[in-house]
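Here is a short tour of one protein model, written to be read with the structure open beside you.

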Amino acid sequence: MPHSTAQKSPEAFRTISEVAAELDVPQHVLRFWESKFSHIRPLKRGGGRRYYRPEDVDLLRGVRTLLYNDGYTIKGVQKVFREQGAKFVSETGRGTADASLAELAREAVQRSDHDGDEEDVQAAGDSIGTSGRRRLLRILDDLVSLKEEIDETLWEEEEDEN
């Protein structure tokens, strides 16, 4: 019977199935994230089996938090890696990132996604009011979730073809 992660020391390497269970994401999502985030580099042994170090798991947990909890897109998380670094993403995964820094990072990504549109965004924000902004944010969250589902489905189809 395989060892559960509860029986392993915190420094022990984890298999993809253990990490997927711990993060509550399918294994193919972890493989997809590896293809999108070059900082995630598990060790690969015979037969291509992946072994994740504790720092790999922290990075994956950070990616999961940014995507699923904070509403980032894949491109947004890539930008966080570039601008804030892997350490910030790991700290986000461990819940040790300074909340004010996390908010600043999010604002920077959002600002750069709308460069050149700043006056239009401000004018639209002024005219729609608080309830309209909340509604737009809910719609944006739904769209981000749908995009991630589409990306995962496309990734699965690519794997099935190979």
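## Helix packing and the core

In this predicted model, α2 and α3 approach each other with axes within 12 Å and a crossing angle of roughly 95 degrees. An angle of 65 to 115 degrees counts as roughly perpendicular, and α2 and α3 are therefore roughly perpendicular to each other. On the α2 side, the contact is made by V29, L30 and W33, while α3 brings L60, V63, R64, L67 and Y68. By type, the residues of this contact comprise seven nonpolar, no polar and one charged.

Which residues touch the most other members of the largest nonpolar core? They are L30, W33, F37, L60, V63 and V77, out of 26 residues in that core. The helices below each supply at least two residues of the core.

| Helix | Residues |
|---|---|
| α1 | 16-23 |
| α2 | 27-36 |
| α3 | 54-69 |
| α4 | 74-84 |
| α5 | 86-94 |

Setting aside neighbours within four places in sequence, W33 is in contact with V25, I40, L60, V63, R64, L67, Y68 and I74.

A word on confidence: the chain averages a pLDDT of 77, and 67% of the residues score at least 70. Over residues 1-5 the pLDDT is below 50, and this stretch has five contacts in the model beyond near neighbours in sequence. Where pLDDT is low, the predicted coordinates should not be read in detail.

Conventions
Residues are numbered from 1 along each chain as its sequence is written. This is a predicted model: local features need pLDDT of at least 70, side-chain atom pairs count only at pLDDT 80 or more; totals for chains, interfaces and linings use all residues. Side-chain values use heavy atoms; hydrogens and water are left out. A nonpolar core is a set of buried Ala, Val, Leu, Ile, Met, Phe, Trp, Tyr and Cys residues joined through side-chain atoms within 4.5 Å. Buried means under 20% relative accessible area, exposed over 50%, partly exposed in between (1.4 Å probe, protein chains only). Helices (H or I, at least four residues) and strands (E, at least two) are DSSP runs, numbered from the N terminus. Contact means heavy atoms within 4.5 Å. pLDDT is the predictor's confidence in each residue, from 0 to 100. Axes are lines fitted to C-alpha atoms, for helices over the stretch in contact, and angles run from 0 to 180 degrees between N-to-C directions. Angles under 35 degrees count as roughly parallel, over 145 as roughly antiparallel, 65 to 115 as roughly perpendicular and the rest as oblique. Ala, Val, Leu, Ile, Met, Phe, Trp, Tyr, Cys and Pro count as nonpolar, Asp, Glu, Lys and Arg as charged, and the others, Gly among them, as polar.
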